[in-house]
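Please read this report alongside the sequence and the coordinates shown here.

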Amino acid sequence: MKNIAVIGGGTMGRGIAYVAGVSGFNVSLYDVSTAALDNAKHYIEGELTRSVEKGYIDQEQKDMATGNLVYCTDLVEAVRDADFVIEAVLELMDVKIDVFKKLDQYAPAHAILATNTSTMSPTEIAAQTSRPEKCLAMHFFNPPHKMKLVEIVRGLDTSDETVAITKEVARQMKKESVEVNEFPGFVTSRMNCLIGNEAMYMLMEGVASAEDIDKAIKLGLNHPMGPLELADLVGLDSRLRNMEYLYKMLGEKYRPCPLLVKYVKAGRLGRKTGGGFYKYDNQ
Ligand code: NAI
């Protein structure tokens, strides 16, 4: 596995591309939006510079990663030589299926096709391709270069070889992995979405301020981040899509909190728009 293509250059795709580039893979990052691709390039270059300043990587690694990364607006070109493709587009089944059909058509026959979905069925996505044995979910966490875990989720037809190769790719990216059988939300999103939704209900019910809810969970339960600041980091639009899917699949306990729905309608999407449960200075 030398060549990785990352499809979607938003919050997760740009971070996955960064990790893959620093880990020595040749990376092509594709997005339908040139603005998203420009933002991704700006973000990755900024992170590389910051990582050198903080001593996480040296100048040589930065230069190697910069040389490893290519930004593409043409999907055919992005995946033509790929050994391993990681899809990180919107959490909408129709969009993912459309992307996977194209990946199946344009990527080499040996390429593994992984989805970074937080909640959805890799079996359903894989079924639209001619290579379900080479499809699975490889779920990174936000931000991908800081979070240690990758959840590897088998679809019904995922082969042992595909799982083994994906574990090795994760290892080369210096990630720990867990293997999970397919179920909506896997292990992490199933848990995290519930905690976040409950925190939003508490805020809506006036139980405590956002700051105090987060402080209580951090200092009382030893979570590194509060659930509301984490939701802002994830993106409230992404979180709402996760909740809507889990609500559809798992029922009432995942009904999205009305406050979350209201914020998304207002365009308050968290860090990426400068405001969610907190305000951010995006300069
Ligand atoms: P995002 O909204 O930040 O980025 C999505 C990107 O996909 C955008 O740049 C958009 O232009 C692009 N896109 C849309 N349709 C496309 C297409 N057909 N082809 C290529 N690019 C396309 O979304 P985010 O948050 O990065 O989520 C991506 C995936 O990662 C989702 O499945 C999400 O559930 C998952 N995820 C998100 C996490 C988070 O904290 N935001 C954490 C772990 C997984």
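The sections below go from the domains to the ligand and then to single residues of this predicted model.

## Domains

The domain assignment of the protein chain gives two parts, domain 1 (3-181) and domain 2 (188-272). Taken over C-alpha atoms, the centres of domain 1 and domain 2 are separated by 26 Å. To the contact between them, domain 1 gives 14 residues and domain 2 gives nine residues.

## Ligand shell

The ligand is surrounded by 26 residues, and the closest are M12, D31, E91, K96 and S118. By class, the shell divides into 11 nonpolar, 11 polar and four charged residues. The ligand lies between domain 1 (3-181) and domain 2 (188-272), because both give residues to the shell around it.

N142 places a polar side-chain atom 3.0 Å from an oxygen atom of the ligand. For S238, a polar side-chain atom lies 3.1 Å from an oxygen atom of the ligand. V234 takes part through its backbone: an N or O atom there lies 2.9 Å from a nitrogen atom of the ligand.

How much of the ligand does the protein bury? Taken alone, the ligand exposes 830 Å², and the protein buries 88% of that area. Helices α1 (11-22), α5 (93-106) and α11 (236-250) are the elements that give two or more residues to the shell around the ligand.

## Backbone geometry

Most residues other than glycine have a negative phi, and most peptide bonds are trans. Against that background, three places in the chain deserve a look.

The peptide bond that joins N142 and P143 is cis, with omega about 0°. P143 is found in the loop between β6 (135-139) and β7 (149-154).

K174, a residue other than glycine, has a positive phi near 65°. The loop that holds K174 runs between α7 (160-172) and β8 (176-181). With a relative accessible area of 72%, K174 is exposed. N222 also has a positive phi, of about 65°, although it is not a glycine. N222 sits in the loop between α9 (210-221) and α10 (227-234). Its relative accessibility is 67%, so N222 counts as exposed.

S121 is found in the loop between β5 (112-115) and α6 (122-126). Is S121 buried or exposed? Its relative accessibility is 11%, so S121 counts as buried, the cut-off for buried being under 20%.

The side chain of S121 reaches the backbone nitrogen of E124 at 2.9 Å. Leaving out residues up to four places away in sequence, S121 touches M93, E182 and Y245.

## The loop position M225

M225 is found in the loop between α9 and α10, which also holds N222. Whereas N222 is exposed, M225 counts as partly exposed at 26% relative accessibility.

Which residues does M225 contact, leaving aside its neighbours within four places in sequence? They are K218, L230 and L233. M225 and D214 are 11 residues apart in sequence, and their C-alpha atoms are 7.2 Å apart in space.

D94 is exposed, with a relative accessible area of 65%. Between D94 and G67 there are 34 Å in space, C-alpha to C-alpha, while the two are 27 residues apart in sequence.

E45 lies in helix α2 (residues 34-53). With a relative accessible area of 37%, E45 is partly exposed. E45 and T66 are 21 residues apart in sequence and 7.7 Å apart in space, C-alpha to C-alpha.

Notes: Residues are numbered from 1 along each chain as its sequence is written. This is a predicted model: local features need pLDDT of at least 70, side-chain atom pairs count only at pLDDT 80 or more; totals for chains, interfaces and linings use all residues. Side-chain values use heavy atoms; hydrogens and water are left out. A residue is near a molecule or strand if one of its heavy atoms lies within 4 Å of it. A polar contact is a pair of N or O atoms within 3.5 Å; within protein, one must be able to donate a hydrogen and the other to accept it, and residues adjacent in sequence count only if both atoms are side-chain atoms. Accessible areas come from the Shrake-Rupley method with a 1.4 Å probe; for residues, only the protein chains shown count as cover. Helices (H or I, at least four residues) and strands (E, at least two) are DSSP runs, numbered from the N terminus. Ala, Val, Leu, Ile, Met, Phe, Trp, Tyr, Cys and Pro count as nonpolar, Asp, Glu, Lys and Arg as charged, and the others, Gly among them, as polar. Domain bounds come from an automatic or database domain assignment. Buried means under 20% relative accessible area, exposed over 50%, partly exposed in between (1.4 Å probe, protein chains only). Contact means heavy atoms within 4.5 Å.
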